[in-house]
Amino acid sequence: KRHRPLRRSSICFASLLCSYAINPQETLTSEMNAETSDAPPTSLVDRTVVPGDTVLDLTAMANQTIKLGAGLRQDCDTISVMKAGKLRLSKPNKYWVESSHKRYVPCVEDTVLGIVVDCKPDNFLVDIKAPTLAFLPVLAFEGGTRRNIPKFEIGTLLYVRVVKANNSMNPELSCMDETGKAAEFGQLKDGYMFETSTGLSRMLLSSPTCPVLEALGKKLSYEIAVGLNGRVWVSYYHS
Amino acid sequence: MEYLDSLTGFRLDGRRPNDMRQIRGEIGVVAKADGSALFEMGNTKVIAAVYGPREVQNKSQQINNQALVRCEYSMANFSTGDRARRPKGDRRSTEISLVIRQTMEACILTHLMPRSQIDIFVQVLQADGGTRSACINAATLALADAGVPMCDIVTSCSAGYLSSTPLLDLNYIEDSAGGPDVTVGILAKMDKVTLLQVYFRSGLDS
């Protein structure tokens, strides 16, 4: 599983746009074979899709519940694609677009790496590569009280969990897990942080363990924190 | 000047009246940007970089229920025949920046990212007519590369009317011939027009 899915689809997308611009009719019968809106629902699954593609025509499917994941939206009677990527189906009825980008869309229960941007009386403002800055309440730490508020400088790297995420508000983070324990959340000291795409982060977090991490672990003893927002932190221990 | 050969029906560059120039697109060309694309239409070469959606830098411009889309169009000094000093804020650049911004705003689902900002930078590297269309096509690819939610992809092309014939995709010589030229931007799948601009200069006596 060591390919980068979007690279191929990026070229496909560019060529699709080019071929559509030249000759719209020809594109319909091109090897992508994906644009007829009255095609059966499963024809686009596991194929590259681009914004505007119609995935499902709901008029043909009465009394069915469909679950839409990332990258899809409902436009009256059709389900169309918002983001370029690969369309996936999880039987029986969950559809989503798997894509890899440099920006992150916050989802609840995601673990991410954030950088402190500002300190306010009630919250830390943390950058998690989302459309807006995230708030980390100063009390969202294990055993946190007004007396022992941690002092984070601007630029501190934190491993945090997303607690609230919706469009209308800034995302909210926490350094505790559901039970209120610190788990491994909190400041990441020393080490080295680098930025990647969200797709690579998901690949590093996939199970079974990513071969890169296993191979590295055979040579070194290291600690790694992978954020779903496309940030990775590694630290090497001299043994 | 003969823009259309009466015997063969070919244009100056050997195309037929409704032939487009060769197009080429490539994405991910600017490493630092969240999304980027290089788009070529014949000899016109344009690069687009998209940053966002990210936190609004100037809080006074923040829109509470949708994303703020900013666009900047510029031409490189070396993009035209003579290396000319190009002031960035000149009228043509400002007008084209506004046109591209309005066109892209029509397809971006801005209500999904309130209080955020999306910056689109387009730079013309080589200008040979149709830079506006190439910029819109490049911006679309860059926005898709960045993962900005869009309702559809925008495609754009220009056309003109010379030697009593409609010509598709004008190059620089045909563009500066003095006939009318129209630039159209269309949402590809939804088949809706988001940009329609016509330029024509006419003398009082014609």
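This is a predicted model: local features need pLDDT of at least 70, side-chain atom pairs count only at pLDDT 80 or more; totals for chains, interfaces and linings use all residues.
Two strands pair if DSSP finds at least two bridges between them.

**The hairpin**

Strand β8(B) covers residues 181-187 and strand β9(B) covers residues 192-199. The two run antiparallel and are joined by seven bridges. Within this pair, Thr183(B) stands opposite Gln197(B) of β9(B). Together β8(B) and β9(B) make a hairpin, with four residues between the strands. One residue in the turn, Asp191(B), has a positive phi of about 60°.

**The chain as a whole**

Chain B contains nine strands and three helices. Read from the N terminus, their order is β-β-β-β-α-β-α-β-β-α-β-β. The radius of gyration of chain B is 18 Å, close to the 17 Å given by the globule rule for 206 residues, so chain B is as compact as a globular protein of that length.

| Property of chain B | Value |
|---|---|
| Span of the C-alpha trace along its principal axes | about 60 × 40 × 40 Å |
| Share of the 206 residues that count as buried | 51% |
| Accessible surface | about 9800 Å² |
| Share of the accessible surface belonging to carbon and sulfur atoms | 51% |

**Charges**

Chain B carries 22 positive side chains and 23 negative ones. The centres of these two sets lie 7 Å apart.

Key: Residues are numbered from 1 along each chain as its sequence is written. Chains are lettered from A and ligands numbered from 1 in the order in which they are written. Side-chain values use heavy atoms; hydrogens and water are left out. The radius of gyration is taken over C-alpha atoms; the globule rule is 2.2 Å times the number of residues to the power 0.38. Buried means under 20% relative accessible area, exposed over 50%, partly exposed in between (1.4 Å probe, protein chains only). Accessible areas come from the Shrake-Rupley method with a 1.4 Å probe; for residues, only the protein chains shown count as cover. Lys and Arg count as positive and Asp and Glu as negative; His and the chain ends are not counted. The place of a charge is taken as NZ of Lys, CZ of Arg, CG of Asp or CD of Glu.
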